[in-house]
Amino acid sequence: MNILEVNNLTKDYGGFMAVKGIDFSVKKGEIFGFLGPNGAGKTTTINMLTGLTRPTSGSIILSGIDLVKNIKKAQGIIGIVPDESNLYDEMNGFDNLTFCASLYGMEKAKREKRAKELLEQFGLADTGKKPFKVYSKGMKRKLTIAAGIIHEPEILFLDEPTTGIDVESARQIRKLILSLNENGTTIFLTTHYIEEAERLCHRVGFIVDGRIVRLGTLDELMQEVQNEYTVQFTLEGGLLNVKEALKSQFSDYSVSVLGDNAVKIQSSSKVNLIPFIKFFEENNIMVYEAKVVRPSLEEVFVKITGIELEKMEKEKEGDRK
Amino acid sequence: MKSWIAFWNILMKDMKNYYLKPPNISWGIIFPFAWTLMFFLRSESAVDIKGILPGVMSLSVLFGTTSMLAVTITFERKSRSFERLLLAPISLNLLMLAKTTGAIFFGVLNALIPAIFASFVVDLSGINWMTAFLSVLLIAVTSTFLGLFISVSVSEVFEAQTFSNFFRFPMMFLCGLFIPIQNLPALLRPISYILPLTYGADILKTSINGDGFIAPWISFLVLLGFSLLLFLMSTHNIQKKWIY
């Protein structure tokens, strides 16, 4: 059963088409990943789905409510966690949560009980009385997620939930996302960390240049690279000196040199390792490791969009700075 | 009922976070003192406290409300916490009323301070307090909605302050507080009549000293009209610029 149905959704900013007639649906209870490079239309789409931007055309049906015509009714069942922690600096964690609950009309006793539960669940009980401004980035993110779910929404929109925070906090947030989903919350996740989407999402949509270019379950998307074989060699070093010779000698393969001591070989058939090992031996380069790399969502993304992930992440970090 | 819970909590949050902060309370006290002192220096003699009271009260409300609202909304917009309010399931009109009620309350308090101080120095027994209170309330509502209109038109706090002055200073000099409108050059007189403070100050003059020259009911209607117009223009701008 679909909780969200989007049909022919378009946004035209006076001649600039940010979103070009996209169609997709989100099933109740799933984690849906929405991936794409900067400027692809992710934020515009999420803004249209939550009521911060008016669509130029198309329809959005959320839990049976026509979101375009009845946005305020729909907003009552939506939870939103923006890409920046936008709670109130002067207020403490507990007051921030109860204030957010009050925006959804929750009674005082109920919102205070729920705020206490969430502070406990998110490991913030000890800091609940401290002002938001003294929280670490990871704690701010967790509290912002707690604020997004305090009114128990049917669907939670999470925009880049782990960007810019430390590894441990990111790990905790991923666990929280999974546990929220296990408890029945549908999650719409945008992220530029493809491995995060691979780890969390049931289905994924790729948006590029305002159009959804691929949509499906992880298994369906992996079919795209199912017939590709990848082997990665880890070497002693000195690879850059023989880079061109390696590429010309093995022109049947796709050879990607990953610095001075690693190389990735891709092929549509199984890779015979012996000629490579001989090549490295002849060039006095010691081979430490040769491993078969399982196809990943990242490769699907790169194959479909032609966009290198490293570039995408650098762009995102640049935007934040 | 649910919307009113949100309304009340937005109002309380703003009162606690902005209006009842010590610097703002002290602003409310120092500002009327500064105005009284300015009039005193200008008169070079014993100051007519009751005569200047309508002016000090009007300007305290005007400056208090426009300064606070322009800053709070622009600041929340910049830190993106205002988005949280726009995404809440309450109507835009109710949301903006919640955001402005605190400033209106702050403006009324600002006007009461000079009145309280004046009561220690002069006899205020002849004042029509009901009309005076209503006029202060309407000046506060109009000035707050002017502050809202300004804050919706800019994106930075400093722009809000600069833009506020564009409205506040002409109002201050052309609303009849310093120079009676009848004594203004003929060219400037029409401008006085399109400034809301002219009407608010005139009701205050009538209720405090009995020397206003516009019928109070006309001034009340004009102020209500200004309030409605500024509020509608502000919400229209929000719909157009912030929910783009």
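In this predicted model, V231(A) faces V292(A), a residue of strand 14 of chain A. A second pair across to strand 14 of chain A is Q232(A) with K291(A). Strand 11 of chain A, residues 229-235, is joined to strand 14 of chain A by six bridges, and the two strands run antiparallel. Strand 11 of chain A also pairs with strand 13 of chain A, residues 262-267, in the antiparallel sense and over six bridges. There, T234(A) stands opposite A262(A) of strand 13 of chain A.

These strands belong to an open sheet of four strands in chain A, with the order 12-13-11-14 and antiparallel pairing. Which strands stand at the edges of this sheet? They are strand 12 (254-257) and strand 14 (287-293) of chain A; each has a single partner strand, so one side of each is left without a neighbour in the sheet. On average, neighbouring strands of this sheet are turned by 20 degrees against each other, direction ignored.

**The six-stranded sheet of chain A**

Another open sheet of chain A is formed by six strands in the order 6-7-8-3-9-10, and its pairing is mixed. Its edges are strand 6 (78-81) and strand 10 (211-217) of chain A, each with a single partner strand, so one side of each is left without a neighbour in the sheet. From one strand to the next, the twist averages 15 degrees.

Strand 3 (residues 31-35) and strand 9 (residues 203-208) of chain A run parallel and are joined by four bridges. The bridge partner of L35(A) in strand 9 of chain A is F206(A). Helix 1 of chain A, residues 42-50, touches strand 3, strand 6, strand 7 (155-159), strand 8 (186-190) and strand 9 of chain A. The direction of helix 1 of chain A makes about 150 degrees with that of strand 7 of chain A. Helix 5 of chain A, residues 137-149, touches strand 6 and strand 7 of chain A, and its direction makes about 165 degrees with that of strand 6 of chain A.

Strand 9 of chain A pairs with strand 10 of chain A in the antiparallel sense, over six bridges. One of the facing pairs is G205(A) and L215(A), the latter in strand 10 of chain A. The two strands form a hairpin with two residues between them, where D209(A) takes a positive phi near 55 degrees.

| Strand pair | Sense | Bridges |
|---|---|---|
| Strand 11 and strand 14 of chain A | antiparallel | six bridges |
| Strand 11 and strand 13 of chain A | antiparallel | six bridges |
| Strand 3 and strand 9 of chain A | parallel | four bridges |
| Strand 9 and strand 10 of chain A | antiparallel | six bridges |

**Domains of chain A**

Chain A is divided into domain 1, residues 2-223, and domain 2, residues 227-294. The C-alpha centres of the two domains lie 42 Å apart.

**Helix packing in chain B**

Two packed helices are described by the angle between their axes and the distance between the axes. For helix 3 (residues 49-78) and helix 6 (residues 129-153) of chain B, the angle is about 35 degrees and the axes are 8 Å apart. The crossing of helix 3 of chain B with helix 6 of chain B is right-handed. Residues of helix 3 of chain B in this contact include M57(B), V61(B), L69(B) and I73(B), while those of helix 6 of chain B include V136(B), I139(B), G147(B) and I150(B). By class, the contact has twelve nonpolar, eight polar and no charged residues.

**Where the chains meet**

In the complex, 19 residues of chain B are in contact with 22 residues of chain A. Helix 1 (2-19) and helix 4 (81-86) of chain B each supply at least two residues of the side of chain B that touches chain A. Which helix of chain B gives the largest share of that side? Helix 1 of chain B does, with seven residues. By class, the side of chain B that touches chain A has eight nonpolar, six polar and five charged residues.

**Confidence**

The predictor gives the complex an ipTM of 0.88 and a pTM of 0.84. Chain A has a mean pLDDT of 90, with 96% of its residues at 70 or more. Among the elements of chain A, the lowest mean pLDDT is 58, for helix 12 (residues 309-320), and the highest is 97, for helix 3 (residues 93-102). Where pLDDT is low, the predicted coordinates should not be read in detail. Chain B has a mean pLDDT of 88, and 97% of its residues reach 70 or more. In chain B, confidence is lowest in helix 2 (residues 22-43), at a mean of 75, and highest in helix 10 (residues 216-241), at 94.

Methods: Residues are numbered from 1 along each chain as its sequence is written. Chains are lettered from A and ligands numbered from 1 in the order in which they are written. This is a predicted model: local features need pLDDT of at least 70, side-chain atom pairs count only at pLDDT 80 or more; totals for chains, interfaces and linings use all residues. Two residues are in contact if their C-beta atoms, placed from the backbone, lie within 7 Å. Ala, Val, Leu, Ile, Met, Phe, Trp, Tyr, Cys and Pro count as nonpolar, Asp, Glu, Lys and Arg as charged, and the others, Gly among them, as polar. Domain bounds come from an automatic or database domain assignment. Two strands pair if DSSP finds at least two bridges between them. Axes are lines fitted to C-alpha atoms, for helices over the stretch in contact, and angles run from 0 to 180 degrees between N-to-C directions. A crossing is left-handed if the near helix is turned anticlockwise from the far one by less than a right angle, and right-handed if clockwise. pLDDT is the predictor's confidence in each residue, from 0 to 100.
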